[in-house]
Protein chains: 2
Amino acid sequence: MEAQRRIDPVNCSVARALAVVGERWSLLIVREALDGARRFGEFKARLGIAGNLLSTRLNTLVAAGVLRRVPYQDPGERHRFEYELTEQGLDLRITLVALLEWGDKYLADPQGPSVIVRHQAAEGDGACEEQVRVVLECSAGHTHVPPQSIHRTPGPGARFLGSS
Amino acid sequence: MEAQRRIDPVNCSVARALAVVGERWSLLIVREALDGARRFGEFKARLGIAGNLLSTRLNTLVAAGVLRRVPYQDPGERHRFEYELTEQGLDLRITLVALLEWGDKYLADPQGPSVIVRHQAAEGDGACEEQVRVVLECSAGHTHVPPQSIHRTPGPGARFLGSS
């Protein structure tokens with residue numbers, strides 16, 4: 001079709017990322033974990049997800065390094081595991097804020113957003129509490145790069161599709 | 001479990017957004033559309049996706065307002081449709097850059113990222129071509145808000161779960 005060489009889309013990190021979290025429940029589980037859920041029953045009750053499906057998704061997220069299992073034991077109960085976000089899992093925060101913004105813009109409740117993400121300044125810096133947004137900036141120091149002013153170039157790991 | 005009232009997670013825009021694009025193929029279709037794919041055959045060849053699955057996903061994305069169908073006719077061929085991103089679809093760019101960054105950080109090819117997103121400055125501003133990153137900032141003007149310094153508060157559309 002096109003004469004120019006094209007980056008093999010299968011090798012792109014978007015595809016790799018989606019292979020881990022590109023499924024509705026996975027990112028919702030991460031969202032609930034960010035919001036404090038740790039135990040199987042908490043995820044199940046908050047999300048209204050079937051137990052076997054939740055179990056599969058939690059296992060996938062643990063295997064992928066997004067969640068880790070942490071043992072706990074309630075008095076008189078047997079040992080159980082709860083789930084904690086790893087650094088890799090915590091790093092999905094910006095993606096979730098980006099998705100939230102998109103959802104708020106196009107799909108929110110008529111009454112407005114259900115959730116506002118706010119800046120919680122560090123102790124000593126005083127409270128901020130202003131709304132947080134996702135923006136693009138570039139290494140040259142340009143802030144607020146418009147999303148229409150970006151383009152993709154091949155990186156060091158790029159593979160190319162044969163000309164067809 | 002908890003005494004404090006909790007925002008109903010089903011009503012959150014993340015959940016609404018994922019109902020539209022929370023599935024691996026959907027965001028990959030958007031990615032290819034951003035990269036210039038328009039025709040059924042292009043999406044199919046680039047993604048290696050089964051035709052019936054692609055057809056379903058394209059229909060869902062059209063129904064959700066992410067893509068629109070545009071008629072075209074090649075010489076000697078019958079009328080067909082190609083797919084174009086709407087404004088709503090184009091607005092998924094930041095989410096895709098966020099996912100790409102996360103994938104690059106944790107899942108990239110050992111040789112490095114397959115794709116680098118670069119700043120293409122407007123005509124007259126000169127070329128920039130520096131790498132673009134996703135960052136958080138708040139309405140008070142704090143830039144580079146650390147993702148660990150954000151928290152969720154109820155918005156105007158929040159519904160609350162009964163205390164259980």
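This is a predicted model: local features need pLDDT of at least 70, side-chain atom pairs count only at pLDDT 80 or more; totals for chains, interfaces and linings use all residues.
**Entry 1. Chain A as a whole**

I began with the secondary structure of chain A, which comes to six helices and seven strands. Reading along the sequence, I noted the pattern β-α-α-α-α-β-β-α-α-β-β-β-β. I then looked up the radius of gyration of chain A, which is 20 Å, whereas the globule rule gives 15 Å for 164 residues; the value is well over the rule, so chain A is more spread out than a compact globule. For the extents, I recorded that the C-alpha trace of chain A spans about 70 × 45 × 35 Å along its principal axes.

**Entry 2. The side of chain A that touches chain B**

I looked up the contact between the chains and found 82 residues of chain A in contact with 82 residues of chain B. Which elements of chain A each supply at least two residues to this side? I listed the helices α1, α2 (24–34), α3 (40–47) and α6 (93–107), together with the strands β4 (115–119), β5 (132–138) and β6 (150–154). The most comes from α6(A), with 14 residues. Sorted by class, this side of chain A has 44 nonpolar, 20 polar and 18 charged residues.

**Entry 3. α6(A) against α6(B)**

I turned next to α6(A) and its packing on helix α6 (residues 93–107) of chain B. The two helices pack at an angle of about 170°, with their axes 9 Å apart. The crossing in which α6(A) passes α6(B) is left-handed. On the α6(A) side I noted A:Ile94, A:Thr95, A:Ala98, A:Leu99 and A:Trp102, which meet B:Ile94, B:Thr95, B:Ala98, B:Leu99 and B:Trp102 in α6(B). By class, this contact has eight nonpolar, two polar and no charged residues.

**Entry 4. α1(A) against α6(B)**

I then followed α6(B) to another partner, α1(A). The axes of α1(A) and α6(B) come within 7 Å and cross at roughly 85°. That angle makes α1(A) roughly perpendicular to α6(B). From α1(A), I listed A:Ser13, A:Val14, A:Arg16, A:Ala17, A:Leu18 and A:Val20 as making the contact. From α6(B), the residues are B:Leu96, B:Leu99, B:Leu100, B:Trp102, B:Gly103, B:Asp104 and B:Leu107. The class count for this contact is nine nonpolar, two polar and two charged residues.

**Entry 5. α1(A) against α2(B)**

I stayed with helix α1 (residues 13–21) of chain A and looked up its crossing with helix α2 (residues 24–34) of chain B. Their axes come within 9 Å and cross at roughly 165°. Is α1(A) roughly antiparallel or roughly parallel to α2(B)? The angle makes the pair roughly antiparallel. I recorded the crossing of α1(A) and α2(B) as right-handed. The contact involves A:Val14, A:Ala15, A:Leu18 and A:Ala19 of α1(A), with B:Arg24, B:Leu27, B:Leu28 and B:Arg31 on α2(B). By class, I noted six nonpolar, no polar and two charged residues.

**Entry 6. Strand pairing between the chains**

β5(A) is joined to strand β4 (residues 132–138) of chain B by seven bridges, and the two strands run antiparallel. Within this pairing, I noted B:Leu136 in β4(B) as the bridge partner of A:Val134.

**Entry 7. The hairpin in chain B**

Finally I examined strand β1 (residues 67–73) of chain B, which seven bridges join to strand β2 (residues 79–85) of chain B in an antiparallel arrangement. B:Leu67 stands opposite B:Leu85 in β2(B), and the bridge partner of B:Arg68 is B:Glu84, also in β2(B). The hairpin of β1(B) and β2(B) has five residues between the strands. There I recorded that B:Gly76 takes a positive phi near 75°.

Technical notes: Residues are numbered from 1 along each chain as its sequence is written. Chains are lettered from A and ligands numbered from 1 in the order in which they are written. Axes are lines fitted to C-alpha atoms, for helices over the stretch in contact, and angles run from 0 to 180 degrees between N-to-C directions. Helices (H or I, at least four residues) and strands (E, at least two) are DSSP runs, numbered from the N terminus. Angles under 35 degrees count as roughly parallel, over 145 as roughly antiparallel, 65 to 115 as roughly perpendicular and the rest as oblique. A crossing is left-handed if the near helix is turned anticlockwise from the far one by less than a right angle, and right-handed if clockwise. Two residues are in contact if their C-beta atoms, placed from the backbone, lie within 7 Å. Ala, Val, Leu, Ile, Met, Phe, Trp, Tyr, Cys and Pro count as nonpolar, Asp, Glu, Lys and Arg as charged, and the others, Gly among them, as polar. Two strands pair if DSSP finds at least two bridges between them. The radius of gyration is taken over C-alpha atoms; the globule rule is 2.2 Å times the number of residues to the power 0.38.
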